[in-house]
Amino acid sequence: MMVRLTAILAALLLPAVAVAAPGIPALAVAQDGGGETWSVSIQILMLMTALTLLPSLVLAATSFTRIVIVLAILRQAIGMPQTPPNQVLIGLALFLSFFVMSPVLTDVYDSGIRPYMEGQIELQEAATAAQAPLRRFMLSQVREPDLAMFAGLAGDEGYAGPDEVPMTVLLPSFLTSELKTAFQIGFLTFIPFLIIDLVVSSVLMSMGMMMLSPMLISLPFKIMLFVLVDGWSLVIGTLAASFTA
């Protein structure tokens with residue numbers, strides 16, 4: 001998976017990078033009918049530079065943002081802001097993102113990366129083919145008002161079709177839509193735990209226990225409810241199903 005992800009990143013973010021392999025020439029830049037070859041060390045340097053953009057790609061073009069925000073809101077709703085720890089939460093969100101994005105990454109690899117590495121297509125054609133599955137995924141999740149807003153900010157009146165939407169408009173539109181969807185799911189997740197807090201607070205007030213913290217009493221009930229309804233499976237399953245187009 002990491003090998004495919006590295007190859008996909010190189011094709012999407014740095015079309016000028018070519019991996020040295022038997023039968024595939026090093027990066028060539030045509031000039032007046034001729035060409036010049038860049039050394040493998042320069043290509044490796046460019047590839048390592050592209051790898052630094054991997055966190056930005058994961059945040060802006062995958063399902064990671066929605067998943068990690070919903071899990072963070074869930075943790076806050078239960079009343080344990082440090083449990084599960086951040087490392088566990090991010091790890092869960094990362095591997096769940098790999099699960100959700102697996103069909104997309106497979107299409108990217110099969111349509112663009114593998115044909116290029118086998119010498120069947122040129123680098124520019126491979127980059128265009130590799131972007132297509134990722135664009136389809138983002139377009140299936142983006143909201144039209146968000147897309148129209150960023151198109152207006154970019155000075156574009158409209159697009160003839162999905163293929164005409166530039167990545168500079170699609171990426172922020174997709175990320176904004178993911179934030180809205182994540183907060184909507186988080187709100188619905190928060191409601192049952194809020195009801196428990198309100199009930200416990202009302203009971204304590206009616207019993208005259210003003211000095212007793214309602215959180216101290218409601219926390220065990222919220223944990224018990226979450227365990228009894230198999231909350232982790234429900235939340236994770238809902239998150240994974242929310243990306244089906």
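Predicted model: local features only at pLDDT ≥ 70, side-chain atom pairs only at ≥ 80, totals over all residues.
Visitor: How many helices and strands does the protein chain hold, and in what order do the elements run?

Guide: The protein chain has 10 helices and two strands. Read from the N terminus, the order is α-β-β-α-α-α-α-α-α-α-α-α. Of its 245 residues, 36% count as buried. Among contacts with a separation of 6 or more, 72% are between residues 24 or more positions apart.

Visitor: How do you know that the span of helix α4 agrees with what its 15 residues should give?

Guide: Helix α4 covers residues 64–78, and at 1.5 Å a residue it should span 21 Å. The C-alpha atoms at its ends are 21 Å apart, so the two values agree. After α4 comes Gly79, with a positive phi near 105 degrees.

Visitor: Why is α4 called largely enclosed by the rest of the structure?

Guide: Because 13 of its 15 residues are buried, α4 is described as largely enclosed. Thr65 is found in this helix. Its relative accessible area is 9%, and the limit for buried is under 20%, so Thr65 is buried. Beyond its neighbours within four places in sequence, Thr65 is in contact with Leu59, Leu175 and Leu179.

Visitor: What makes the contact of α3 with α8 nonpolar, polar or charged?

Guide: Helix α3 (residues 54–61) and helix α8 (residues 167–206) pack at about 60 degrees, and their axes are 8 Å apart. From α3 the contact takes Leu59, Ala60 and Ala61, and from α8 it takes Leu171, Phe174 and Leu175. Six of the residues in this contact are nonpolar, with no polar and no charged ones. Phe174 is also part of a cluster in which ring pairs link it with Phe137 and Phe243.

Visitor: What makes the approach of the Lys222 and Asp197 side chains a polar contact?

Guide: The two side chains make this contact at 3.3 Å, and the cut-off for a pair of N or O atoms is within 3.5 Å.

Visitor: Why is the pair of Phe193 and Phe226 called tilted?

Guide: The structure holds five aromatic pairs. In the one formed by Phe193 and Phe226, the centres are 6.0 Å apart and the planes are at 50 degrees. Centres must lie within 6.5 Å, and planes under 30 degrees apart would be stacked, over 60 edge-to-face. Phe193 lies in helix α8 and Phe226 in helix α9, so the pair ties together parts 33 residues apart in sequence. Phe193 has 5% relative accessibility and counts as buried, as does Phe226 at 8%.

Visitor: How do you know that Phe226 and Trp232 form an edge-to-face pair?

Guide: Their centres are 5.3 Å apart and their planes are at 85 degrees. The angle is over 60 degrees, so the pair counts as edge-to-face. Trp232 has 34% relative accessibility. Buried is under 20% and exposed over 50%, so Trp232 counts as partly exposed.

Note on methods: Residues numbered from 1 in each chain as written. Heavy atoms only, no water. Helix = DSSP H or I, 4+ residues; strand = E, 2+ residues; numbered from the N terminus. Expected span 1.5 Å × (residues − 1). Buried < 20%, exposed > 50% of the residue type's maximum accessible area, 1.4 Å probe, protein only. Axes fitted to C-alpha atoms, helices over the stretch in contact; angles between N-to-C directions. Contact = heavy atoms within 4.5 Å. Nonpolar A, V, L, I, M, F, W, Y, C, P; charged D, E, K, R; others polar. Polar contact = N/O pair within 3.5 Å; in protein donor to acceptor, adjacent residues only side chain to side chain.
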